[in-house]
Amino acid sequence: MADRAITVAAWESLFRAQVSIMRALAAEFPSDVISLNEYDVLFNITRAPGRRLRLKDLNHNVLITQPSVSRLVDRLTARGLVAKLPDPRDGRGTIVAITDEGFDLFRRVAITHMDAINRQFGDSLSEDELRTLADLCNRLRPELDRA
């Protein structure tokens with residue numbers, strides 16, 4: 001078990017780095033087109049098989065709370081960016097699928113966002129350091145063990 005002071009210092013460093021990078025990315029994000037939270041929802045849906053995801057699973061993967069996800073999905077549905085479908089395996093469940101319009105918007109914003117990520121984050125570390133960082137961060141996410 002690691003020394004408590006080292007653990008707290010590492011956590012503080014990780015947390016402050018994340019906040020700093022997120023602020024910089026938010027400043028560059030094309031929020032006149034779509035919000036970061038909306039992008040996060042579309043990002044998670046595009047990563048799912050068939051670009052469809054159960055609302056319940058979406059709630060576990062996004063960075064906002066469950067009631068906010070439901071309202072956000074309703075707004076994205078009203079804009080024609082996603083469609084809500086009944087879950088054929090669970091009559092009470094809902095599947096959220098990205099529409100062609102939603103996917104086109106996602107791709108346009110993703111290109112801009114990836115460029116910002118590369119500038120704000122990727123240019124600071126070597127490829128080996130980025131791989132190590134990804135491995136370390138993934139070890140801190142116990143839900144990956146269940147996936």
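User: Which feature does UniProt place at residues 1-142?
Analyst: This is a predicted model. The name comes from the UniProt record, an unreviewed entry. For residues 1-142, that record gives "domain: HTH marR-type".

User: How far apart are the end C-alpha atoms of residues 1-142?
Analyst: The span is 64% helix and 13% strand. Its end C-alpha atoms lie apart by 17 Å.

User: In what order do the 3 strands of the open sheet lie?
Analyst: The pairing is antiparallel. β1 (52-54) and β2 (82-87) are the edge strands, each pairing on one side only. Neighbouring strands are turned against each other by 30° on average, direction ignored. The order is β1-β3-β2.

User: Which residue in β3 is the bridge partner of Arg-52?
Analyst: Strands of a sheet pair through backbone hydrogen bonds, either parallel or antiparallel. Here β1 and β3 (residues 90-98) pair in the antiparallel sense over 3 bridges. In β3, the partner of Arg-52 is Ala-97.

User: Which helix lies across β2 and β3?
Analyst: The helix covers residues 66-78. It runs at about 115° to β2. This is helix α4.

User: What area does the nonpolar surface patch with Trp-11 have?
Analyst: Trp-11 lies in helix α1 (residues 4-28). The patch is made by Trp-11, Leu-14, Phe-15 and Leu-140. Its area is about 420 Å².

Notes: Residues are numbered from 1 along each chain as its sequence is written. This is a predicted model: local features need pLDDT of at least 70, side-chain atom pairs count only at pLDDT 80 or more; totals for chains, interfaces and linings use all residues. Side-chain values use heavy atoms; hydrogens and water are left out. UniProt positions are given in the numbering used here, feature names are shortened, and annotations may be inferred rather than shown by experiment. Helices (H or I, at least four residues) and strands (E, at least two) are DSSP runs, numbered from the N terminus. Two strands pair if DSSP finds at least two bridges between them. Axes are lines fitted to C-alpha atoms, for helices over the stretch in contact, and angles run from 0 to 180 degrees between N-to-C directions. Contact means heavy atoms within 4.5 Å. Patches are made of residues with over 30% relative accessible area and no salt bridge: like charges are joined within 9 Å, nonpolar side chains (Val, Leu, Ile, Met, Phe, Trp, Tyr) within 5 Å. Accessible areas come from the Shrake-Rupley method with a 1.4 Å probe; for residues, only the protein chains shown count as cover. A salt bridge is a side-chain nitrogen of Lys or Arg within 4 Å of a carboxyl oxygen of Asp or Glu.
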